[in-house]
Amino acid sequence: VIAGCSKEENADRCRVSVSIDTGTYTCKSIDPEESKVTDISIMVFDEYGRAEATAWLTGNTSRPYSMTLTSGRKYRFVACVNFGYRINLDHASALTGIKYHMAYPDEYRNGIPMYADTGYILVKDACQVHMKLTRLMSKISIRMDRSRLSKDVEMIVAGIRIGNCPKHTSVFKDNAVN
């Protein structure tokens, strides 16, 4: 998520434009859905942790979202991406209670769930904020060494079993094995 400010007529207010940045992938086995974004919950908290602005974007999430904030104050920008529902909190302390319940592999259909958090940053005129999205799910790639096989040998993988996958993850606090 990228945010930039432009000065308004009122000297202590600035317009913040927020847009999503899913990053660039360079791996050979890129999944076409890796950067798919179906919904974004954006939350902005003031320096005391109170909710200052919220938004839930669906559909064309590539368009920037604008909001007006007070210039010269500290804000925390938080985003939850591809959760499938709006997250609307009154205070930043409630962020640690957000858990994402996973259902492998169904979640890939709506895009990989991701989140971003800037921590508290000072917002001034002509400022820009960049939020790097972090995945909540790991990508698992399987590679088979076929160097010792003849070219005409085919391999059919009937299934792969991966155990001990978590059923949920805490988004804004450390996770531990249950």
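Is arginine 76 buried or exposed? Arginine 76 counts as buried, at 15% relative accessibility; the cut-offs are under 20% relative accessible area for buried, over 50% for exposed and partly exposed in between, with a 1.4 Å probe and protein chains only. Before going on, note that this is a predicted model, where local features need pLDDT of at least 70, side-chain atom pairs count only at pLDDT 80 or more, and totals for chains, interfaces and linings use all residues. Residues are numbered from 1 along each chain as its sequence is written, and side-chain values use heavy atoms, with hydrogens and water left out.

Let's start with the overall layout. The protein chain has eleven strands and zero helices, where both kinds of element are DSSP runs numbered from the N terminus (helices are H or I, at least four residues; strands are E, at least two). Of the 178 residues in the protein chain, 34% are buried. Take the contacts (heavy atoms within 4.5 Å) with a separation of 6 or more: residues 24 or more positions apart account for 68% of them. The accessible surface comes to about 11300 Å², and carbon and sulfur atoms hold 48% of that; areas come from the Shrake-Rupley method with a 1.4 Å probe, and for residues only the protein chains shown count as cover.

Now for the sheet. Five strands make an open sheet in the order E4-E3-E6-E8-E10, with antiparallel pairing; two strands pair if DSSP finds at least two bridges between them. E4 (51-58) and E10 are the edge strands, each pairing on one side only. Two bridges then join E8 to E10 (residues 134-135), where threonine 134 is the bridge partner of tyrosine 115.

Beyond its neighbours within four places in sequence, valine 44 is in contact with residues including Arg50, Ala53, Met67, Leu69, Tyr75, Arg76 and Phe77. Val44 and Phe77 have the most contacts inside the largest nonpolar core, which has 22 residues. A nonpolar core here is a set of buried Ala, Val, Leu, Ile, Met, Phe, Trp, Tyr and Cys residues joined through side-chain atoms within 4.5 Å. The elements giving two or more residues to this core are E2 (13-19), E3, E4, E5 (65-70), E6 and E8, and E6 gives the most, with four residues. There is also a second, separate core of 17 residues, which includes Phe45, Ile87, Tyr100 and Val171. In soluble globular proteins, nonpolar side chains tend to be buried together.

Back to arginine 76 and the charged pairs. The count is three salt bridges, each a side-chain nitrogen of Lys or Arg within 4 Å of a carboxyl oxygen of Asp or Glu. Arginine 76 meets aspartate 117 at 2.6 Å, N to O. Aspartate 117 lies in E8 and arginine 76 in E6, so the pair ties together parts that are 41 residues apart in sequence. Aspartate 117 is partly exposed, with a relative accessible area of 32%. Arginine 73 forms a salt bridge with glutamate 47, with the closest N and O atoms 3.2 Å apart; this pair links E6 with the loop between E3 and E4, 26 residues apart. In the remaining case, arginine 50 and aspartate 46 have their closest N and O atoms 3.0 Å apart. Aspartate 46 is buried at 3% relative accessibility, whereas arginine 50 is partly exposed at 42%.

Finally, the rings. A pair of aromatic rings is described by the distance of the centres and the angle of the planes. Rings of Phe, Tyr and Trp (its six-membered ring) pair if their centres lie within 6.5 Å, with planes under 30 degrees apart called stacked, over 60 edge-to-face and the rest tilted. That gives three aromatic pairs. Phenylalanine 83 and tyrosine 85 are edge-to-face, at 6.1 Å centre to centre and 65° between the planes. Phenylalanine 83 is buried at 6% relative accessibility, while tyrosine 85 is partly exposed at 37%. Tyrosine 115 and phenylalanine 172 also form an edge-to-face pair, with centres 5.5 Å apart and planes at 80°. Tyrosine 115 is in E8 (residues 114-123) and phenylalanine 172 in the segment after E11 (168-170), so this pair ties together parts that are 57 residues apart in sequence. Phe83, Tyr85 and Tyr100 form one aromatic cluster, and Tyr100 also belongs to the second core.
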